[in-house]
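User: I'm new to this one and would like to learn how to read it. Could you walk me through it step by step?

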Amino acid sequence: MQIGFVLFPNVTQLDFTGPLQMLHRVPGATTHILARTLAPVPSDCGLGLVPTGTFAQAPALDMICVPGGFGVGAAIRDEETLAFVRAAGQSARYVTSVCTGAFLLGAAGLLRGRRATTHWAYHHLLPLVGAIPQQGRVVRDGDVITGGGVTAGIDFALTVAAEIASPQAAQRIQLATEYDPEPPFAAGSPDSASVEVSDQVKAFYAVRAAEFKNEISAALAAA
């Protein structure tokens with residue numbers, strides 16, 4: 001199982017590293033960290049991510065995984081990145097994303113008419129790229145598997161591990177990584193957070209979602 005992760009500047013590192021940590025443990029899987037060049041890719045938190053190969057060097061992939069981040073709009077406008085995602089996704093057995101990586105998949109034409117999810121703040125924008133929004137930490141539609149925002153990438157990866165290996169293998173990975181969440185606050189979704197906290201975060205993301213909508217629309221028009 002050849003699994004390729006797509007990197008681009010200003011990627012959200014946990015969108016990428018959460019699934020990577022889980023999927024590289026799948027028996028028989030080989031993970032590839034792919035970008036335009038071999039230069040370190042800056043993430044959204046100052047951590048540089050080092051590719052293991054370039055798009056041009058990538059082997060035939062059984063699975064492509066696209067993380068999200070504030071750099072998605074620029075990635076869609078980058079012809080080389082978009083072309084790689086489109087070509088790899090058309091031949092891969094599994095086409096996947098985490099968080100706003102769904103919009104890069106969609107811009108490549110890989111979500112047309114498919115059910116998908118993404119970060120809650122951008123969920124309503126999925127029709128811009130031809131997807132059918134469906135709520136969930138992990139949503140599957142045939143060979144397309146999408147994960148929600150950031151930390152949902154771990155749930156996504158374990159779901160994929162169960163699919164490509166076995167439920168028992170996925171459970172072994174979960175236990176080995178001690179993935180046993182017990183968050184200190186019930187504030188992980190707009191429905192569970194307090195009204196005060198929810199209103200504050202929604203206000204921030206309302207501005208960001210409007211900007212992102214314009215970004216995506218402009219990138220699609222230029223693509």
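User: How many bridges join strand β1 to strand β2, and do they run parallel or antiparallel?

Analyst: Before we start, keep in mind that this is a predicted model. Now to the strands: β1 (residues 2–6) and β2 (residues 30–35) run parallel, and five bridges join them.

User: In what order do the strands of the open sheet come?

Analyst: Read across the sheet and you get β5-β2-β1-β6-β7-β11-β10, seven strands with mixed pairing. At the edges are β5 (53–54) and β10 (138–141); each has a single partner strand, so one side of each lacks a neighbour in the sheet.

User: Which strands does helix α3 touch where it packs on the sheet?

Analyst: Helix α3 (residues 79–91) touches β1, β2, β6 (63–66) and β7 (94–98), and its direction makes about 145 degrees with that of β6. Then look for helix α5 (residues 152–164): this one lies across β1, β6, β7, β10 and β11 (144–147), at about 165 degrees to β7.

User: How many salt bridges does the structure hold?

Analyst: The general idea is that side chains of opposite charge can pair when their charged atoms come close. Here there are eight salt bridges. One of them pairs Glu163 with Arg140, with the closest N and O atoms 2.7 Å apart. That pair links distant parts of the chain, since Glu163 sits in helix α5 and Arg140 in strand β10, 23 residues apart. Glu163 is partly exposed at 33% relative accessible area, and Arg140 is partly exposed too, at 39%. Elsewhere, Arg36, Asp78 and Glu80 are linked in a network of salt bridges.

User: Which residues of α7 are buried?

Analyst: Start with the helix itself: α7 (residues 195–222) has 28 residues and reaches 39 Å from its first C-alpha to its last, close to the 40 Å expected. Its buried residues are Ser198, Tyr205, Arg208, Ala209, Phe212, Glu215, Ile216 and Ala219. They pack against α2 (72–77) and α4 (101–107).

User: Why does Arg208 count as buried?

Analyst: Buried means under 20% relative accessible area, and Arg208 counts as buried because its value is 11%. Arg208 forms a salt bridge with Glu215, the closest N and O atoms being 3.1 Å apart. Arg208 also meets Glu211 in a salt bridge at 3.8 Å, N to O. Arg208 and Glu211 are three residues apart in helix α7, so about one helical turn separates them. Glu211 is partly exposed, with a relative accessible area of 43%.

How values were computed. Residues numbered from 1 in each chain as written. Predicted model: local features only at pLDDT ≥ 70, side-chain atom pairs only at ≥ 80, totals over all residues. Heavy atoms only, no water. Helix = DSSP H or I, 4+ residues; strand = E, 2+ residues; numbered from the N terminus. Expected span 1.5 Å × (residues − 1). Buried < 20%, exposed > 50% of the residue type's maximum accessible area, 1.4 Å probe, protein only. Contact = heavy atoms within 4.5 Å. Pairing = 2+ DSSP bridges. Axes fitted to C-alpha atoms, helices over the stretch in contact; angles between N-to-C directions. Salt bridge = Lys/Arg side-chain N within 4 Å of Asp/Glu carboxyl O.
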